[in-house]
Amino acid sequence: MPQRTCVGCRQVLPKRTLIRVVRTAEGLQVDPTGKAAGRGAYLHALRSCWERGLRAGLARALKTELNDDDWQRLAEYMASLPD
């Protein structure tokens, strides 16, 4: 099974255990299938990992800057995750 690095905590884990965020023409999107076209980065399904990832690692991994819409969309998803 392919391994990926979580951009929040830098742990290397199986791809299926992580959540993919993908950069598309419409902005950043959570990709539950892991198969959407575009540059992707991976995070644990934990709010603490998303908080660390959103501060710096995610934007760098996706080679983009997070705009207000991206922040709002990802923060809404992050709020649904367990601590």
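Which backbone nitrogen lies 3.0 Å from a polar atom of the side chain of Asp 31? In this predicted model, the backbone nitrogen belongs to Lys 35. The model is a prediction in which local features need pLDDT of at least 70 and side-chain atom pairs count only at pLDDT 80 or more, while totals for chains, interfaces and linings use all residues. Residues are numbered from 1 along each chain as its sequence is written, and side-chain values use heavy atoms, with hydrogens and water left out.

Strands (E, at least two residues) are DSSP runs, numbered from the N terminus, and two of them pair if DSSP finds at least two bridges between them. Strand β3 (residues 19-24) runs antiparallel to strand β5 (residues 39-43), with five bridges joining the two; here Val 22 stands opposite Gly 40 in β5. Strand β3 also pairs with strand β4 (residues 27-31), again in the antiparallel sense and over five bridges, and Arg 23 faces Leu 28 of β4 across this pairing. A hairpin of two residues links β3 to β4.

Asp 31 sits in strand β4 and is buried, at 7% relative accessible area (buried means under 20%, computed with a 1.4 Å probe on protein chains only). Leaving aside residues up to four places away in sequence, Asp 31 touches Arg 20, Val 22 and Ala 36, where contact means heavy atoms within 4.5 Å.

Arg 20, in strand β3, is likewise buried, with a relative accessible area of 9%. A polar atom of the side chain of Arg 20 lies 2.7 Å from the backbone oxygen of Gly 38. With residues up to four places away in sequence again set aside, the residues touched by Arg 20 include Asp 31, Gly 34, Lys 35, Gly 40 and Tyr 42.

Technical notes:
Helix = DSSP H or I, 4+ residues; strand = E, 2+ residues; numbered from the N terminus. Buried < 20%, exposed > 50% of the residue type's maximum accessible area, 1.4 Å probe, protein only. Polar contact = N/O pair within 3.5 Å; in protein donor to acceptor, adjacent residues only side chain to side chain.
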